[in-house]
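Here's a quick tour for anyone meeting this protein for the first time. Have a look at the picture, then read on.

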Amino acid sequence: MNPGNRRDFIACASALGALAIVGRANAQGRTDLRIQYDWLMDNGKLGDIVALHRGFFESEGLNVTFSPGGPNAQTVAPVLAGQAASGQMGSFQVINAFGEGLPVRMFASTYQQAPLAFVSLPRAPVRKPQDLVGKTIAVTPNGRWLLGLVLAINKIDPAKVKIVTAGAELTPLIVGQADVMTAFVTNTRALDVLGPDRILLSAEAAGLAYYTGTYFTAAESFDKQKDVLARFVRAVAKGWGWAYENRAAAVNLMCDAYPNMDRKVELATVDSIMSLVFTKETKQNGWGWIEPARLKRQIELAQQSGIAFRNPVTLTGVSSQEVLLLSAAGRPKLG
């Protein structure tokens with residue numbers, strides 16, 4: 001979210017929030033649900049895509065539509081406007097939105113470990129957070145806030161780094177316009193261009209352990225929607241479970257549905273994705289789990305970063321485990 005647009009965005013989204021609606025049954029008797037993603041359709045939605053094309057949503061009585069995002073996508077406004085039943089973004093972004101007064105609530109998460117990393121080359125290596133000092137750091141507009149959190153958590157003076165805005169491609173790093181960039185470890189194609197000497201500092205190693213691919217909805221309509229959302233989560237969880245057990249087939253299905261994806265690259269990436277989606281937490285609690293203690297720590301980190309939230313952020317305000325509990329029997333325990 002662009003800080004310069006926050007005030008106008010909050011006013012607009014708050015006004016739209018009054019229009020929020022619950023998915024309605026269509027002519028086939030299935031409930032229509034639209035999901036607003038914060039990024040393009042990619043391998044981070046592998047299980048969602050499998051659920052759609054294997055008929056898992058239909059089995060739950062749902063007619064699901066995917067709405068891709070992009071570099072500057074607005075994810076919260078469509079949800080509060082009732083144009084989407086759920087949106088998806090990182091848990092820190094949900095916390096940030098809630099703290100700004102937007103009534104959102106997260107209920108499940110795809111990635112247990114964020115795929116975000118700081119990428120550098122041997123000419124200016126960044127192996128630990130303090131190595132960021134004196135570097136030129138290129139980030140996307142939506143990644144600037146996360147970088148600010150990393151600097152705050154590690155007590156690095158922002159004046160000691162140079163921050164420039166860039167797109168998702170790593171060209172500024174390649175041509176020497178930046179010393180370090182943020183990237184996703186699941187973007188194999190982009191990282192391979194850097195060669196084998198690339199250096200990755202994961203967000204978790206930088207002190208920023210958080211969830212991504214996190215599903216949220218409008219808090220005001222949560223109680224009315226939670227049963228439908230539980231059916232959605234069961235279907236997505238089944239999609240991810242099927243993909244976990246049938247990785248090559250899942251990648252082929254995804255690439256058939258979205259021919260712009262490189263099949264060879266995605267086959268080389270799928271194991272990395274699964275290691276971030278399925279962990280010891282999902283082995284115990286099932287796909288999509290959000291651990292309250294871990295999320296509480298994320299809230300504390302956001303509060304300690306110096307951001308002046310307009311709305312106090314509480315664990316029970318910004319999240320709910322009801323959907324996870326309602327869908328518990330259908331969420332595969334893998335990891």
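Which residue in β3 is the bridge partner of I35? That would be S86. Keep in mind that what you're looking at is a predicted model.

**The overall build**
- The C-alpha trace spans about 60 × 45 × 35 Å along its principal axes.
- A compact globule of 335 residues would have a radius of gyration near 20 Å, and the protein has 19 Å, so the two agree.
- Buried residues make up 54% of the 335.
- Take the contacts with a separation of 6 or more: 81% of them link residues 24 or more positions apart.

**Strand β3 and its partners**
- β3 covers residues 86–89, and it pairs with β1 (residues 31–36) in the parallel sense, over 2 bridges.
- β3 also pairs with β10 (residues 212–218), this time in the antiparallel sense and over 3 bridges.

**The five-stranded sheet**
- Another part to find is an open sheet of 5 strands, in the order β7-β6-β8-β5-β9, with mixed pairing.
- β7 (162–165) and β9 (199–202) sit at the edges with a single partner strand each, so one side of each has no neighbour in the sheet.
- From one strand to the next, the twist averages 30 degrees.
- Inside the sheet, β5 (residues 116–120) and β8 (residues 180–184) run antiparallel and are joined by 5 bridges.
- F118 is found opposite T182 in β8.
- Helix α6 (residues 144–153) lies across β5, β6 (136–139) and β7, and it runs at about 165 degrees to β7.

- Now find E266, which belongs to helix α11 (residues 263–277).
- E266 is buried but has no salt bridge.
- The nearest side chain of opposite charge is R189, 6.4 Å away; a salt bridge would need a side-chain nitrogen within 4 Å of a carboxyl oxygen.
- So what does E266 contact, leaving aside neighbours within four places in sequence? The list is N43, V251, M254, C255 and M261.

Note on methods: Residues numbered from 1 in each chain as written. Predicted model: local features only at pLDDT ≥ 70, side-chain atom pairs only at ≥ 80, totals over all residues. Heavy atoms only, no water. Pairing = 2+ DSSP bridges. Helix = DSSP H or I, 4+ residues; strand = E, 2+ residues; numbered from the N terminus. Axes fitted to C-alpha atoms, helices over the stretch in contact; angles between N-to-C directions. Contact = heavy atoms within 4.5 Å. Buried < 20%, exposed > 50% of the residue type's maximum accessible area, 1.4 Å probe, protein only. Lys, Arg positive; Asp, Glu negative; His and termini not counted. Rg over C-alpha atoms; globule rule 2.2 N^0.38 Å.
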